[in-house]
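Look at the model below and follow the text through it, one region at a time.

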Amino acid sequence: QESETAEEALHLANEELEQRVGERTRELSEANEQLTIQIAERAQAQVALGQVLEESKVGREKLGEILRSVPDGVVVADGGLNVLHMNAAAEKILATPLEAVLGRSIATLSQDVDFVKKVGQRLNITHGSNLFDFELFDELTQNARVYQVRISQFVSDEAETPGVVLLIRDVTREREVERMKSAFLAMAAHELNTPLTTIIGYTELLTAKETADSFDTEQKKDFLLLIHKKAMALGGLIDDLLDVSRVESGRPLNLCYEEFVFDDMIRKVATPYCEGDGLHQFEVTLPNEPSRLCGDQSRLEQVVGHLISNAVKYSPEGGCIKVSLVLRDDTYEVAVEDEGLGMNEEQLAHIFDRFYRGDSSDTAVQGVGLGMSIVRNIVQAHRGDIQVNSQPGNGTRVCVTLPMLPPVEPAEGAQPFVAS
């Protein structure tokens, strides 16, 4: 009986062991399945993370390419005005590499500009301009360049304070044009007022009862000739202003083509200067045979007149002025050369810019800075070319080339003015 009891106990223990083994096997199987699922999920997460990182990398590369392609400088800063990024254009403008300022205050961008103060002022105002200008000295040109900064804010999910984007643009040329426009308006008012004052003064002398009978016929004739001269000068200035307005708006100059003797026209324009100026010696060299040209005679008279007038004005101490006409193949070459003040490289580079005057001081040669701009556009409208050579103190030579015959197709006129 004890043997049977032991066997029964052993049987029960065996069943219990098998039950526990079965339960443990099921637990291990379930754990293995869960582990397999977790491994699969982690693998999927790793793949997804890899894709996200790759997309992020591609996005950063695209952003980098965009920032590198932007010609203006771009500086990105966080809410504390610490530099997060800066493109190559900004590095060049500020002469500062990104590595030197990354994570540091925008105050480190330049020693010459207080960016923290200027940006802070614009961020603290609710209404007003988000722009400011600053100047930096350019070692290459040895001149100061003007830059405009546009401030924009952006919101990041990772930061409570909005970040800042600074867009830096070179506006040196724009500011120079604005300065020249202001100078032009002042000079134009003066140039318009001077002949007008003369006209009004002499007409009052001729019409006032107190003075009308005080002058003899010869004096009255002189007064009328002076009034006519000043009125023509006034009309010429107004015509110049209208030409500038027409060309700047993109409309072509109106040309009336006709055949005329070019050398006779040059002689006609040059004669008053030769006879009325004892300070300068004129050498006018023209072909022996009549030089026939098909073009707008009145416009080309304007060109030659401007060139000779400039040669006289910019030779205040006198000297020789040479005017010549030469036929080369099917092209006429008109040259006006003086021994006057001449121009430096900077003045020469801007000679055709509208409103530009090399010397805008009170003692400078009078003018509004339109003549050479108009001359170039008239020449271009004739499908010609103009070249200027000059050196300070050694005078200036202007050479205009014009085709003998008009273009087969109607001329499109001069190109609009460009502020380069």
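At 42% relative accessibility, Asp264 counts as partly exposed; buried means under 20% relative accessible area, exposed over 50%, and partly exposed in between, with a 1.4 Å probe and protein chains only. This is a predicted model, in which local features need pLDDT of at least 70 and side-chain atom pairs count only at pLDDT 80 or more, while totals for chains, interfaces and linings use all residues. Residues are numbered from 1 along each chain as its sequence is written, and side-chain values use heavy atoms, with hydrogens and water left out.

Asp264 forms a salt bridge with Arg267, and their closest N and O atoms are 2.9 Å apart. A salt bridge is a side-chain nitrogen of Lys or Arg within 4 Å of a carboxyl oxygen of Asp or Glu. Arg267 is partly exposed, at 37% relative accessibility. Because the two residues are three apart in helix H7 (residues 262-276), about one helical turn separates Arg267 and Asp264. Helices (H or I, at least four residues) and strands (E, at least two) are DSSP runs, numbered from the N terminus.

A search of the whole structure finds ten salt bridges. One of them joins Glu301 and Lys268, with the closest N and O atoms 3.3 Å apart. This pair links distant parts of the chain, as Glu301 lies in helix H8 (residues 297-313) and Lys268 in helix H7, 33 residues apart. Lys268 is exposed, with a relative accessible area of 53%. In another salt bridge, Glu333 pairs with Arg328, and the closest N and O atoms are 3.2 Å apart. Glu333 is buried at 16% relative accessibility, whereas Arg328 is partly exposed at 46%.

How do helices H7 and H8 lie, and at what angle do their axes cross? The axes come within 10 Å and cross at roughly 35°. Axes are lines fitted to C-alpha atoms, for helices over the stretch in contact, and angles run from 0 to 180 degrees between N-to-C directions. The crossing of H7 and H8 is right-handed; a crossing is left-handed if the near helix is turned anticlockwise from the far one by less than a right angle, and right-handed if clockwise. Residues in the contact include Met265, Lys268 and Tyr273 of H7 and Leu300, Glu301 and Val312 of H8, where contact means heavy atoms within 4.5 Å.

Arg299 is also found in helix H8. At 11% relative accessibility, Arg299 is buried. Not counting residues up to four places away in sequence, Arg299 touches Asp243, Arg246, Leu253, Asn254, Leu255, Ile378 and His382.

The strands come next. Gln148 is placed in strand S4 (residues 143-154) and is buried, at 12% relative accessibility. Leaving aside neighbours within four places in sequence, the contacts of Gln148 include Leu131, Phe132, Asp133 and Arg175.

Strand S12 (residues 396-403) runs antiparallel to strand S10 (residues 331-337), and seven bridges join them. Two strands pair if DSSP finds at least two bridges between them. Arg397 in S12 is the bridge partner of Glu337. S12 also pairs with strand S11 (residues 385-390) in the antiparallel sense, over six bridges. Here Asn389 stands opposite Arg397 in S12. S11 and S12 form a hairpin with five residues between them, and Gly393 in the turn has a positive phi of about 80°.
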